[in-house]
Every structure is written in structure tokens, then in C-alpha cells.
Amino acid sequence: VGEEGVVVVWNLETQKPSFIPRVAATIRSFAVSRDGTRLFACGGDNSLRWVDAAQHEIRGEITGLALGSLPASVELGTFLRAGVAFDARQQELLVATPALSGAVQCYDLRRDRGVDLIGGSLQEVSRTNAFEQRGRRKVDRLALSPSGEWLFVGERWASHAGTEVVSLRVYKRAASGGWDEFSLIDSPHKDAIAAIAPHPTKNEVLTA
């Protein structure tokens, strides 16, 4: 996937590709439902498109995602493409908002509307600096565990002075079906988190 807006599906047995063209002007990230029948592509135009994987056809489009047009008052040193995941238990898409809001939006596909924001904070005080500094958070990556019990969010905080702090935020599934913050790991890496991969059976997660 990329700026040409084409999704390439690879058959591992034949090692041959098939193509789903014109999914979005620019594809930033995508997620696949557990049964493999649905593909959700996050476009550079701040929209989500639902693709029928078998028919290679776009079945629906979601536009106007929350907080997408907020001005960026703090510049982060590097740019990473935000993540998107499919929550099979709640039948919701989890989308890292593209603005510097530090939020993950939950979108209900059946009702066609946003239902919740996880970790939303437009402006906050860094807890990792000796002197309180105002700044912004940005979600770089997010991933759900295969069990659906854990949500891992890689994010960065930046101040107006240029200070950047990387963190890994862990959420646990609540009894209501939503998410409760479980832990916050400061500075898991020196630079931004480039990838997150939950272990398929253990309570472990890999980050790069």
C-alpha cells in the first residue's frame, strides 16, 4: 500500500499478487477483520474505506473522522503513519486520529458514527520532566492483542521547546467492553516506536 492507493494481496502458496485499485488517494494504514473478509483502509484524506476482500470492491466510506483538522501547534521531530485496528469483539474500528491530539477514536460500523475517544487530551503536562511543560501528544502506532483483551498504543509527547518523550500506553478491556488504562511505559525506545506486535498467546508485546 502507499501513495498509489492500491492494495496488493499476496498468495503465499503461488507467490503471486492480486490488486485492489483506487482504494484511496493515499493509503496511510489498514486493518483486516479476523475472518479475512473485510479490509479497512485509512486514507490520507482523513477517511476510512471498507473493502470487500473477496470481490475487491469498496463497500462503504467513512469521512469526517474526529479531530482530523486541528491545527498542529507543536512540531514533532519525525513523522510516522498512524495506525488503525479492527476490534472484532465490539465490531468497531480503532483509529489513531491524525491530529496532535493523542487520541484513538472508536467508530461503530453498524451505527455509522464515532462512539468514544481513548486517551483523548488536546493539551497536557508532561509527567517525565522535572519542570512542568505544556505540549501535545501524537499516536504513532496501535495494536490489539489477538485475544482482544489488550490494546497497545505507541505515542510521543512534544513541548514547544522541542523536547520529545516516547511512551507505550497499555489498555485492558473493561467489563463494559471499553478500555481502562493499565500502564504507561516511559521511554521504551530512544526514538519513536516504528512497530508494535502483540504475542499471539502470551501477555507479551514486541516493539521496534
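Reply: Contact means heavy atoms within 4.5 Å. Leaving aside neighbours within four places in sequence, V104 is in contact with L94, V95, A96, D116, L117, I118, V139, L142 and V153. Apart from the core described next lies another, of 10 residues, including A31, V84, L93 and Y107. This is a predicted model, where local features need pLDDT of at least 70 and side-chain atom pairs count only at pLDDT 80 or more, while totals for chains, interfaces and linings use all residues. Residues are numbered from 1 along each chain as its sequence is written, and side-chain values use heavy atoms, with hydrogens and water left out.

Me: Which residues touch the most other members of the largest nonpolar core?

Reply: A nonpolar core is a set of buried (under 20% relative accessible area, 1.4 Å probe, protein chains only) Ala, Val, Leu, Ile, Met, Phe, Trp, Tyr and Cys residues joined through side-chain atoms within 4.5 Å. Here the largest has 13 residues, and L94, V104, I118, L142, L151, V153 and W179 touch the most other members. Strand β12 (134-144) is among the elements giving two or more residues, and β12 gives the most, with 3.

Me: Is D52 buried or exposed?

Reply: D52 counts as buried because its relative accessibility is 18%. Strands are DSSP runs (E, at least two residues) numbered from the N terminus, and D52 is in strand β5, residues 47-52.

Me: What does D52 touch?

Reply: Not counting residues up to four places away in sequence, D52 touches T37, E57 and R59.

Note on methods. Helices (H or I, at least four residues) and strands (E, at least two) are DSSP runs, numbered from the N terminus. Buried means under 20% relative accessible area, exposed over 50%, partly exposed in between (1.4 Å probe, protein chains only).
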